[in-house]
Amino acid sequence: MNDSIHNSRRRFLVGGAAVVGTGLLAGLTRWLPADAAARPSGPVTIVAFDDHGKRLGKRTVDRVVKTAAQWKAQLTPAQFHILRERGTERPFTGRYYNTPKQHGIYRCQGCGNALYDSATQFHSGTGWPSFYQPIAPENVTEHTDRSFGMTRTEIACTQCNGHLGHKFHDGPKPTGLRYCMDSVALRFIPTGAA
């Protein structure tokens, strides 16, 4: 009977430690920066655009994968926080929350991938640049984001996996979508077209 109690206690302690360890690991990975998780690698397919907004067609390119130190050397602290740590800039503080006065395209600050055409940008009143669709669906990827006690659709750059913002279902026609992006993650390139 003594051995039976000892073995039951041992199984309970080992099982409990395994459950606690699994819970800690799952919880910890949720709070790690995006770069700390397994980085996707390998080729990706995007639609290339020149700086005049001309569609050049689908291209298979290598995914941009860098260490945190390499990203920090390339990006400003604010860009690193948004793109690599999945941060969010305060509303009405970004340079692109108002629609531009001239036509252009928005590229990723991390890798230069074309993301949005200013013709699809609208004033949402949220304080972040908003678009009703990406320049090409292949150029952005969607991930489920369960941070802050809610479920949202995170939008990331397909080529470098940089966090860009979130997608909501309260946008204008024709899509009814609002791609709410962080200005810091974007670089506006005027195309000269009206």
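Me: How many helices and strands does the protein chain have?

Reply: Happy to start there: this is a predicted model, where local features need pLDDT of at least 70 and side-chain atom pairs count only at pLDDT 80 or more, while totals for chains, interfaces and linings use all residues. Residues are numbered from 1 along each chain as its sequence is written, and side-chain values rest on heavy atoms, with hydrogens and water left out. Helices (H or I, at least four residues) and strands (E, at least two) are DSSP runs, numbered from the N terminus. From the N terminus on, the elements run α-β-β-α-α-β-β-β-β-β-β-β-β-β, and the protein chain has three helices and eleven strands.

Me: What share of the residues of the protein chain counts as buried?

Reply: Buried means under 20% relative accessible area, exposed over 50%, and partly exposed in between, with a 1.4 Å probe and protein chains only. The accessible surface of the protein chain comes to about 11,100 Å², with 57% of it belonging to carbon and sulfur atoms; these areas come from the Shrake-Rupley method with a 1.4 Å probe, and for residues only the protein chains shown count as cover. Of the 194 residues, the buried share is 39%.

Me: In what order do the six strands of the open sheet lie?

Reply: Strands of a sheet pair through backbone hydrogen bonds, either parallel or antiparallel. Here two strands pair if DSSP finds at least two bridges between them. The pairing in this open sheet is antiparallel, and its six strands come in the order β5-β6-β10-β9-β8-β7.

Me: Which strands stand at the edges, each with a single partner strand?

Reply: Let's stay with the order β5-β6-β10-β9-β8-β7. The two edge strands have one partner each, so one side of each is left without a neighbour in the sheet. They are β5 (121-122) and β7 (140-145).

Me: Which residue of β10 stands opposite F168?

Reply: Strand β9 (residues 163-168) and β10 run antiparallel and are joined by four bridges. Both faces of β10 (residues 178-181) are covered: R178 and C180 on one side, and Y179 and M181 on the other, are all buried. Across from F168 in this pairing is R178.

Me: What is the average twist from one strand to the next in the three-strand sheet?

Reply: This open sheet has the order β4-β3-β11, with antiparallel pairing, and its edge strands, β4 and β11, each pair on one side only. Three bridges hold the antiparallel pairing of β3 and β4, where the partner of I105 is D117. Axes are lines fitted to C-alpha atoms, for helices over the stretch in contact, and angles run from 0 to 180 degrees between N-to-C directions. On that basis, the twist averages 30 degrees.

Me: How many residues apart in sequence are the parts that the pair of Y96 and F188 ties together?

Reply: Rings of Phe, Tyr and Trp (its six-membered ring) pair if their centres lie within 6.5 Å, with planes under 30 degrees apart counted as stacked, over 60 as edge-to-face and the rest as tilted. Y96 and F188 form a tilted pair, 6.3 Å centre to centre with 50 degrees between the planes. Y96 lies in the loop between α3 (77-85) and β3 (104-108) and F188 in strand β11 (residues 186-190), so the pair ties together parts whose separation in sequence is 92 residues.

Me: How are Y116 and Y179 arranged as a ring pair: stacked, edge-to-face or tilted?

Reply: Y116 is in strand β4 (residues 114-117) and Y179 in β10, 63 residues apart. Y116 is buried at a relative accessible area of 0%, and Y179 is buried at 6%. Their ring centres are 6.0 Å apart with the planes at 55 degrees, so the pair is tilted.

Me: Which residues do ring pairs link into a cluster?

Reply: A search of the whole structure finds seven aromatic pairs. The linked residues are Y96, Y106, Y116, F131, Y179 and F188.

Me: Leaving aside neighbours within four places in sequence, which residues is Q79 in contact with?

Reply: Q79 belongs to helix α3 and is buried at 12% relative accessibility. Contact means heavy atoms within 4.5 Å. Beyond those sequence neighbours, the partners of Q79 are R84, Q109 and V184.
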